[in-house]
Amino acid sequence: MVNLSEKGVYLVNGELYEDAAEAASAAGVEAIDTTKAKESTIAYDILTAHNTSDSSKKLKIKFDMLTSHDITFVGIIQTARASGLEKFPIPYVLTNCHNSLCAVGGTINEDDHMFGLSCAKRYGGVYVPPHQAVIHQFAREMLAAGGRMILGSDSHTRYGALGTMAMGEGGPELVKQLLNKTYDINMPDVVCIYLTGEPMPGVGPQDVALAIIAAVFDKGYVNNKVMEFVGPGVSSLSADFRIGVDVMTTETTCLSSIWRTDDKIKEFYQIHGREKDYKELNPGSVAYYDGCVKVDLSKIRPMIAMPFHPSLAYAIEDVNKNLIDILKEAEERARVSLGADTDFSLTDKVVDGKLRVEQGIIAGCAGGGFENICAAADILEGKSIGSDAFTLSVYPASTPIYMELLKNGAAAKLMETGAIMKTAFCGPCFGAGDTPANNALSIRHSTRNFPNREGSKLQSGQIASVALMDARSIAATAANKGILTPATEVDIKSGAPKYFFDSKIYENRVFDSHGKADPSVEVQFGPNIKDWPSMPALTENLLLKVVSEIHDPVTTTDELIPSGETSSYRSNPLGLAEFTLSRKDPEYVGKAKKVRAAEEAREQGKDPGKLSEVDVPAELAGIWKALQASRTEVTSDNTGIGSVIFAVKPGDGSAREQAASCQKVLGGWANIANEYATKRYRSNLINWGMLPFIIDKGELPFANGDYIYVPGIARAIADGATEIPAFKVSESGLSSVDLKLGALTDDERDIILKGCLINYYKSTK
């Protein structure tokens, strides 16, 4: 079904070869120049076309356009404004698909929307009002183009199926583009995703995506690499199908994705009135890839990803055959993230030997596509979802899609069954809509099923869970009144009705400045929109208190800063920071604040060895005195005090910069990890002036509550050091801690030294 190569592969005239001699023979040459062959990938062509540096290895990328939504664009624009923004230098599209409901926090969500509209007018951007489209569907319909590059402040920024290399990053990376700076990366490895065969009836894009994610995630096979989809199987997939697979590549932790294009993609552009934006993309006649994922589409079955990660995927038929064993495994894994004392059960959902679920959702950038919803409507036609606990909600990804579903009758088919049609909204994907009952299991064609993504609040004793499935099997399950059912067990109509795109919907409602800034427009602020607090530069030495210690195999950005109800505070740095780690370590905020209070007192000239124990950590005075006794260079002028968290592998999931910035505004100066799950989280740390320390796997030389002294850290950063000697400090003395830093660019080192990206830009004006 899905197989991974153990080494690089050659693609010669569309055929795959693992052996170099065989590849050379097929190419009609004595030997293949692997270096030149690496330059024949689609990814290499697009990256080099957007590279502004003189090096083909150290890239400085300038994107064609930017996209954000309403829980990211306020912070991005505020950061850019503080750094000298005068106008948007490239198209910047502000969508409103996360806080669309304006249902939490009084006026603050709509205040953010009005901030976005006024900024689009003042700085020359595009504003897409709430309920018109989710961010990625608007980009597909109106922005993507062959060979283009788009940077978005949402992790699922993926338009590779349409020939656009897109990347999701934290807000500071968009700020750099807004200030005419570059996205600096090493030339990434490119992995071939070689598709053969065609999917059987009842198998949809989510099934293919989950099968790939399950095969590669744990191995880190495509981590920070580009996934390039080629092979004869690509042609068997419709544009919608490809898009549905492509958007889920984010869950592999890859850097980006790109697909070869053909007449089906050309037709997509024609339907949307943008035929000129189509570009045929294919690798060269001889291309070399750094790895290969072989996918036989014909062997993929309907899949289900069990709570709490998309990689925990099984064939639905296997789950039904081994139901209790698989559910118990899922419960045991859940206890790692939720805690052993959490009352969480899946086995209680087994009724007469079958799994009963309470809710189905088809939504967002992954599930809300035209073909997915039409397929669900066909499966459910003439049936009923029943009048018991099970519910089904369907969210088309854009108003044009919704309009066409109304015109062709698919919406009526669904609503007749008892399903509810809703507007374009990302809520079910991040925990702000359709929260099920306590301990309920929701099946969703959406992007993620991390803890709390369905909106439950573990800290309040509420727990529900999400399993990911394709719209087709969700519809089959709905037709079976909530009994888990793969779509291959029901009659499937072949094909989907033709899609007709109505551009008038956007023409009548979307504000487009066409790149013309109007400085006379005043930015409209609401009472919740706050400026970033001032952040100090890195001191010569650092004394760090460990305020949280997380030993889960992976820590998601949802756990670092929860989604859902916190989204209303994304434009208020200090307000949002109160939620940091609230679902993982509720004591974190209080501990971090006490450390921050000690640093603020030090900055005011007070001796850390003489501070009151009421507002700062009680043991600090003794630790400070012990440190000064052992290290004569330490003074209150040159040694800052901050907090640090340890996590085994932090940063999987969302691109949200707030996973780092919330720690920083609470006085955080560093993370320590065995490795970082994604480039984007590590970049977020750096852009907020935080040190992304690495420590070797094994028993930690420190524990939660301990202090770590890092001497000469400013000099080490300036000198480009990668080995960072440090010491655990106790009142009885110091013991060695060996920390490391990965490679940092010159700009990244300067950002850390200055204290954050805002300070860096202020200093370079």
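**View A. The second largest cavity of the predicted model.** About 100 Å³ of space lies in the second largest cavity of this predicted model. Its lining is made up of 16 residues, and those closest to its centre are D240, I243, G244, G369 and N372.

**View B. Helices around the second largest cavity.** Four helices, α6, α9 (239-246), α13 (364-367) and α14 (370-380), each give at least two residues to the lining of the second largest cavity. The largest share comes from α9, which supplies 4 residues.

**View C. Residue classes in the lining of the second largest cavity.** Sorted by class, this lining holds 6 nonpolar residues, 6 polar residues and 4 charged residues.

**View D. The largest cavity.** The space in the largest cavity comes to about 220 Å³. In the whole structure, a search finds 6 cavities of 30 Å³ or more.

**View E. The lining of the largest cavity.** The residues that line the largest cavity number 21, and H69, H98, D154, H156 and R453 lie nearest its centre. Two or more lining residues come from each of the elements α6 (135-142) and α17 (427-430). The helix α6 is also among the elements that supply at least two residues to the lining of the second largest cavity.

**View F. Residue classes in the lining of the largest cavity.** The lining of the largest cavity divides into 7 nonpolar, 9 polar and 5 charged residues. In the lining of the second largest cavity, the corresponding counts are 6 nonpolar, 6 polar and 4 charged.

Definitions and conventions:
Residues are numbered from 1 along each chain as its sequence is written. This is a predicted model: local features need pLDDT of at least 70, side-chain atom pairs count only at pLDDT 80 or more; totals for chains, interfaces and linings use all residues. Side-chain values use heavy atoms; hydrogens and water are left out. On a 1 Å grid over the protein atoms alone, a cavity is a set of points where a 1.4 Å probe fits but cannot get out, and a pocket is an open set with protein on both sides within 12 Å along at least five of seven lines; lining residues have an atom within 4 Å of a point. Grid points are joined across faces, edges and corners, and a volume is the space filled by probe spheres set on the points. Ala, Val, Leu, Ile, Met, Phe, Trp, Tyr, Cys and Pro count as nonpolar, Asp, Glu, Lys and Arg as charged, and the others, Gly among them, as polar.
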